[in-house]
Amino acid sequence: MQPLSFVPWAWREPGTLGGPAATDDPDRTGNDSAHADEQASADLAGYSVEATDGSIGKVDEATYDVGSAFLVVDTGPWIFGRKVLLPAGTVQRIDHDERTAYVDRTKDQIKNSPEYDKDTFSTPQYREQVGSYYTGSYRDTPPM
């Protein structure tokens with residue numbers, strides 16, 4: 001079995017943003033480009049975020065920039081109102097019907113991630129720190 005090659009700042013699959021709604025509807029085909037564009041451009045702000053072991057909060061912000069895509073998640077009372085930055089590569093799938101993003105990391109892995117700082121989160125140093133943290137988590141605990 002080959003280890004997962006984790007790329008932090010890229011969506012894993014081109015269809016990740018489309019979620020199951022893109023292909024589960026029997027009246028739609030996988031080639032319905034209008035539906036695919038609608039799903040891909042969906043604003044994820046306000047979507048719930050589920051770790052492998054429970055809810056972690058709601059998407060506060062999402063970017064889709066090639067090579068630097070991420071979600072900022074407001075954890076609410078779960079981690080005392082702290083926000084966390086989740087690289088797009090942690091997103092396993094998005095269900096637009098349920099308005100939920102599913103990530104394949106545990107709540108503890110997310111809780112122990114580098115502290116989010118709105119003033120420095122876009123710097124290369126912070127991106128490197130977060131990317132290294134999650135790359136290590138995939139090496140140590142591959143997704144099931």
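Trainee: Which strands does helix H4 lie across, and at about what angle does it run to S4?

Mentor: This is a predicted model, in which local features need pLDDT of at least 70, side-chain atom pairs count only at pLDDT 80 or more, and totals for chains, interfaces and linings use all residues. Residues are numbered from 1 along each chain as its sequence is written, and side-chain values use heavy atoms, with hydrogens and water left out. Helices (H or I, at least four residues) and strands (E, at least two) are DSSP runs numbered from the N terminus, and angles run from 0 to 180 degrees between N-to-C directions, with axes fitted to C-alpha atoms, for helices over the stretch in contact (heavy atoms within 4.5 Å). Here helix H4 (residues 124-140) lies across strand S3 (70-74) and S4, and runs at about 70° to S4.

Trainee: What is the strand order in the open sheet?

Mentor: Strands pair if DSSP finds at least two bridges between them; in this case the 6 strands follow the order S4-S3-S2-S1-S6-S5, with mixed pairing. Strand S4 (83-87) and strand S5 (91-95) are at the edges with a single partner strand each, so one side of each has no neighbour in the sheet. From one strand to the next, the twist averages 35°.

Trainee: Is arginine 105 buried or exposed?

Mentor: Buried means under 20% relative accessible area, exposed over 50%, and partly exposed in between (1.4 Å probe, protein chains only); arginine 105 is buried, because its relative accessible area is 2%. Arginine 105 sits in the loop between strand S6 (100-103) and helix H3 (107-111), and, not counting residues up to four places away in sequence, touches residues including Ala51, Tyr134 and Pro143.
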